[in-house]
Amino acid sequence: MSGISMVLVVIVAFFAGMEGILDEWQFHQPLVACTLIGLVTGHLTEGIMLGGSLQMIALGWANVGAAVAPDAALAAVASSIILVQGGQGVKGIGSAVAIAIPLAVAGLFLTMLVRTVTVAIVHLMDKAAKEGSSKMIDFWQYVCICLQGLRIAIPAALLLVIPASSVRGMLEAMPAWLNDGMSIGGGMVVAVGYAMVINMMASREVWPFFVIGFVVAALSDLTLIAIGALGIALALMYLTLDKGGSSSNNNNGGNSNTGDPLGDILDDY
């Protein structure tokens, strides 16, 4: 990897770390971070494929109360670097996905460390507020955001220091059963992440659409774009039926809205 590519990777990692808090441009999302790292290192195809796999896992990650979700930014950046340094191409995506999960959990330690430091900085900002110094408040705010960026940029830089030959040798030294097992495990983790998303979204109203989608994908030769267009069409139909059911109930004195728009329309008929 060239020196310019290394610098660009660290920059992408820095922005991914900041976006983990800002959540504005979505640089911390695996699909974006992996794609950008693949772009700056000349491995765009592998980056997109890895990002897509990790994104399916990260869809099920969310902060609930005091429980903090695994660090998707660190998982995306670190696994992308390992994939590029390993030189296995598309074949190494399964292993990279399996490696990303423990890295995401390990990233929680860095998150807690940075947030502990920012607690002390908040007190400095309180002192600046009492003095009426808005410039110092802004300064410490920038410092806190930069610390979040360094939380990902520093591990990324350390991974880049490791020679590519060492990473490649380590991956090639792995026995076939372990490599295949990590690939299978990575695929299973993606399925678990998608299952978590379905568990949050599943209801009596949307299950038929899930079934239709899986059947169409399995029994046809449609591309992902065609299936996506079909999904959008079904979603628009559902929204139209939802509005039609609500207006029918309000204007025609039908049954009250029970939360099942299709059922309400059938009941009115």
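This is a predicted model: local features need pLDDT of at least 70, side-chain atom pairs count only at pLDDT 80 or more; totals for chains, interfaces and linings use all residues.
## Overall make-up

The chain has 269 residues, of which 34% count as buried. Its secondary structure consists of 11 helices and zero strands, so that reading along the sequence gives the pattern α-α-α-α-α-α-α-α-α-α-α.

Among the contacts between residues at least 6 apart in sequence, 67% join residues that are at least 24 apart.

## Helix 6

Helix 6 covers residues 134-161, which makes 28 residues, and from its first C-alpha to its last it reaches 40 Å, close to the 40 Å expected at 1.5 Å a residue. At L150, helix 6 bends by about 30°.

The buried residues of helix 6 are C144, I145, Q148, G149, R151, I152, A153, A156 and L160. What covers these buried residues includes helix 1, helix 4 (72-86) and helix 5 (93-130). As a general point, an α-helix has 3.6 residues a turn, so residues three or four places apart point the same way.

## The salt bridge

The structure holds one salt bridge, in which the side chains of R151 and D71 meet at 2.2 Å, N to O. In general, side chains of opposite charge can pair when their charged atoms come close.

## A nonpolar surface patch

On the surface, I4, V7, L8, I11 and F15 form a nonpolar patch, and together these residues have about 450 Å² of accessible area. One of them, V7, has its place in helix 1, which runs over residues 3-22. Helix 1 is also among the elements that cover the buried residues of helix 6.

## K91 in its loop

K91 is found in the loop between helix 4 and helix 5. With a relative accessible area of 74%, K91 counts as exposed, because that value is over the 50% cut-off.

K91 and E46 are 45 residues apart in sequence, while their C-alpha atoms are 9.2 Å apart in space.

How values were computed. Residues are numbered from 1 along each chain as its sequence is written. Side-chain values use heavy atoms; hydrogens and water are left out. Patches are made of residues with over 30% relative accessible area and no salt bridge: like charges are joined within 9 Å, nonpolar side chains (Val, Leu, Ile, Met, Phe, Trp, Tyr) within 5 Å. Accessible areas come from the Shrake-Rupley method with a 1.4 Å probe; for residues, only the protein chains shown count as cover. A salt bridge is a side-chain nitrogen of Lys or Arg within 4 Å of a carboxyl oxygen of Asp or Glu. Helices (H or I, at least four residues) and strands (E, at least two) are DSSP runs, numbered from the N terminus. The expected span of a helix is 1.5 Å times one less than its number of residues. The bend at a residue is the angle between axes fitted to the seven residues ending there and the seven starting there. Buried means under 20% relative accessible area, exposed over 50%, partly exposed in between (1.4 Å probe, protein chains only). Contact means heavy atoms within 4.5 Å.
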